[in-house]
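Subject: Structure handover

Hello,

Here is the structure we spoke about, with the sequence.

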Amino acid sequence: MSTTGWWPALPLVAVALAYLAGGRRLHRRGDRWPVRRWVAAAASVVTLAVALLPPLATHAHHLFAVHVVAHLLLAMVAPLLLALAAPVTLALRALPAGGRRRLLAVLHSAPARVVTWPPVVLVLELGGMAAFYLTDLFALALAHPAVMALVDLHMVLAGFLLATLLVGPDPLPRRPGTIGALLTLLVAAAGHDVLAKLLYARLLPDGAGSAADVRLGAQVMYYGGSAVEVALAVALMAAWYARGGRELRREQRRTVSAPAPAPAPSPTTPTPTPRTTAPAATPARG
């Protein structure tokens with residue numbers, strides 16, 4: 001939610017061009033990138049632009065409720081769309097062999113395993129939000145655009161990690177099962193709800209505006225965050241259903257392609273004995 005003008009458009013254009021270049025490379029090679037990934041990528045860039053650029057970013061500096069709307073777009077909606085766009089998968093398919101090996105080395109490195117561990121992802125997501133809204137970091141960020149830019153970057157990356165962990169198709173060093181993902185989502189949702197209630201009850205953060213504006217912003221955070229979390233739950237269960245369908249189809253194909261076993265002889269069926277022909281009688285000589 002920076003207020004320094006239109007400069008955030010530069011990294012957004014760079015990200016969009018990089019994604020477009022990866023898709024075009026696949027197209028020239030004869031591969032096809034799914035349309036739903038293109039739509040998700042375009043929607044994520046548009047959502048980030050709405051959150052970071054005027055007029056919303058300008059009003060977010062003065063009205064806390066507008067700031068919360070921008071925060072929801074930046075930290076929850078845009079990361080979910082970006083995770084569904086599968087940028088890491090696109091990079092792995094579009095990069096040359098050397099770049100692909102380096103990216104895979106990063107994905108399987110020890111820091112990547114740590115940062116994608118669900119408890120760490122929750123700390124980055126919930127801890128970052130709590131530090132921003134419950135401490136003096138909020139006022140500091142409003143006074144210094146560079147600090148706000150770092151906060152914005154953290155929100156996007158933490159939200160992207162959480163969305164990718166739950167519903168994103170990109171490869172990860174570790175990914176929880178369906179039950180683990182649901183528990184992670186429940187903890188994240190509970191943390192968001194507790195934070196919104198704290199803001200409403202204690203009129204936090206300090207210096208955010210009038211009591212009415214702060215309470216309105218807390219309500220927007222509570223209900224808006226719940227809506228995005230419901231969307232995450234729907235996407236998570238849809239992915240689980242799709243995986244189950246794919247596994248069922250694979251099992252059916254294996255069953256059809258397997259040769260049918262030869263029927264075993266029934267133990268009650270008597271085995272026929274070969275009929276022997278008696279030798280013809282030799283006439284006696286007189």
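Five helices, namely H1 (9–29), H2 (35–52), H4, H5 (87–94) and H10, each give at least two residues to the lining of the largest pocket. Please keep in mind that this is a predicted model. The pocket holds about 770 Å³ of space. Its lining has 27 residues, and those nearest the centre are Pro11, Val15, Leu48, Leu82 and Val156. By class, 23 of the lining residues are nonpolar, three are polar and one is charged.

The second largest pocket has a volume of about 350 Å³. It is lined by 20 residues, with Val167, Gly168, Pro169, Ala239 and Arg243 closest to its centre. H10, H11 and H12 each contribute at least two residues to this lining, and H12 has the largest share with seven. The lining of the second largest pocket splits into twelve nonpolar, three polar and five charged residues.

Of the 15 residues that line the largest cavity, Ala75, Met76, Gly159, Leu162 and Leu232 are the closest to its centre. At least two lining residues come from each of H4 (64–84), H10, H11 and H12 (211–257). Eleven residues of the lining are nonpolar, two are polar and two are charged.

What does H10 pack against? The axes of H10 (residues 145–166) and H11 (residues 178–202) come within 9 Å and cross at roughly 145°. Leu162, Leu165 and Leu166 of H10 make the contact with Ala181, Thr184, Leu185 and Ala188 of H11. Six of the contact residues are nonpolar, one is polar and none is charged.

Thr164 also lies in H10. Its relative accessibility is 3%, so Thr164 counts as buried. The side chain of Thr164 reaches the backbone oxygen of Phe160 at 2.8 Å. Beyond its neighbours within four places in sequence, Thr164 is in contact with Ala83, Asp170, Leu172 and Arg175.

Regards

Terms used: Residues numbered from 1 in each chain as written. Predicted model: local features only at pLDDT ≥ 70, side-chain atom pairs only at ≥ 80, totals over all residues. Heavy atoms only, no water. Axes fitted to C-alpha atoms, helices over the stretch in contact; angles between N-to-C directions. Helix = DSSP H or I, 4+ residues; strand = E, 2+ residues; numbered from the N terminus. Contact = heavy atoms within 4.5 Å. Nonpolar A, V, L, I, M, F, W, Y, C, P; charged D, E, K, R; others polar. Buried < 20%, exposed > 50% of the residue type's maximum accessible area, 1.4 Å probe, protein only. Polar contact = N/O pair within 3.5 Å; in protein donor to acceptor, adjacent residues only side chain to side chain. 1 Å grid on protein atoms, 1.4 Å probe; cavity = no way out; pocket = protein on both sides within 12 Å on 5 of 7 lines; lining within 4 Å. Points joined across faces, edges and corners; volume = space filled by probe spheres on them.
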